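Hello,

Here is the structure we talked about. Please look it over, then read my notes below.

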Amino acid sequence: MIPLLLLLGSMSLFPVSSAFADDENTTENNEINISLSPTETLFDITNMKPGDWAPRTITVKNIGSKDFEYLMQLQNSGDEKLFNELLLEIKAGDEELFQDKLAAFKSLPIRKLATGNEENLDVTIRFPEHLGNEFQGLHATFDFVFTAEGNDSEAETVTVQEVMVGKIDSSGSPMSGGPRLPDSTTNLVNFMLIGGALGVGGIVLIVFLYYRKLRFAQ
């Protein structure tokens, strides 16, 4: 019985010691820790046309135990023709950080974020109104790369990266190159037109039933 009890005791001790070691490593690695929201894809737009625009908000969080500095950079991972023409705007509150072509963006100036804090970056992609039919059916794919740097407990530099993907698809109906409404506004107008049509149809039906009732009454 004694050897059996010793064997069972040793089997129960080893997992506990491993769990403590994993927790310790996790805590150490999370001293510098950046979190993004949304987590993976920022833009996933189909049938984008000249004049359309797409606003998004990135929430950058410092969920580690140390303050850090971070960079936001851009890498093209797809075709260049449409990528080189798209426009990019980035704001932090009322502060304008960038406004130019997507291809011209290299990096934001270093931004500081204290532990437990977060900030929002408002990012807008615009499809220039002057682009014509030669941009129909093109695609653009790019990555926003966030790099956080800070010091750990031994004053060594620690670097952590997070990546967000952008996908733009210009396929769809032929494009005239003229001004277009933004996607969000277009959807609103469509809903208003549908609602108006239903309202007019309801009024016509009511008038028809009213005169039909009068006819049968006579």
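S9 (residues 139-151) and S10 (residues 157-169) pair in the antiparallel sense, over 13 bridges. Strands here are DSSP runs of E, at least two residues long, numbered from the N terminus. Two of them pair if DSSP finds at least two bridges between them. Thr141 has Lys167 in S10 as its bridge partner.

Some ground rules. This is a predicted model: local features need pLDDT of at least 70, side-chain atom pairs count only at pLDDT 80 or more, and totals for chains, interfaces and linings use all residues. Residues are numbered from 1 along each chain as its sequence is written, and side-chain values use heavy atoms, with hydrogens and water left out.

The sheet

S10 also pairs with S2 (residues 41-45), in the parallel sense, over 4 bridges. There, Phe43 stands opposite Gly166 of S10. S4 (residues 68-76) and S7 run antiparallel, joined by 3 bridges. Phe68 has Leu113 in S7 as its bridge partner. The 5 strands form an open sheet, ordered S2-S10-S9-S4-S7, with mixed pairing. S2 and S7 (111-113) stand at the edges with a single partner strand each, so one side of each has no neighbour in the sheet. From one strand to the next, the twist averages 25 degrees. Such angles run from 0 to 180 degrees between N-to-C directions, with axes fitted to C-alpha atoms.

The core

The largest nonpolar core has 40 residues. The term covers buried Ala, Val, Leu, Ile, Met, Phe, Trp, Tyr and Cys residues joined through side-chain atoms within 4.5 Å. Buried means under 20% relative accessible area, exposed over 50%, partly exposed in between (1.4 Å probe, protein chains only). Among the residues with the most contacts inside this core are Phe43, Phe144 and Phe146. S9 gives the core its largest share, 5 residues. Not counting residues up to four places away in sequence, Phe146 touches residues including Ile34, Ile58, Met72, Leu121 and Met164. Contact means heavy atoms within 4.5 Å.

Asn62

Is Asn62 buried or exposed? Asn62 is buried, at 2% relative accessible area. Asn62 lies in strand S3 (residues 53-62). The Asn62 side chain reaches the backbone nitrogen of Gly64 at 3.1 Å. Leaving aside neighbours within four places in sequence, Asn62 is in contact with residues including Asn33, Asp67, Phe68, Leu113 and Asn117.

Best wishes

Methods:
A polar contact is a pair of N or O atoms within 3.5 Å; within protein, one must be able to donate a hydrogen and the other to accept it, and residues adjacent in sequence count only if both atoms are side-chain atoms.
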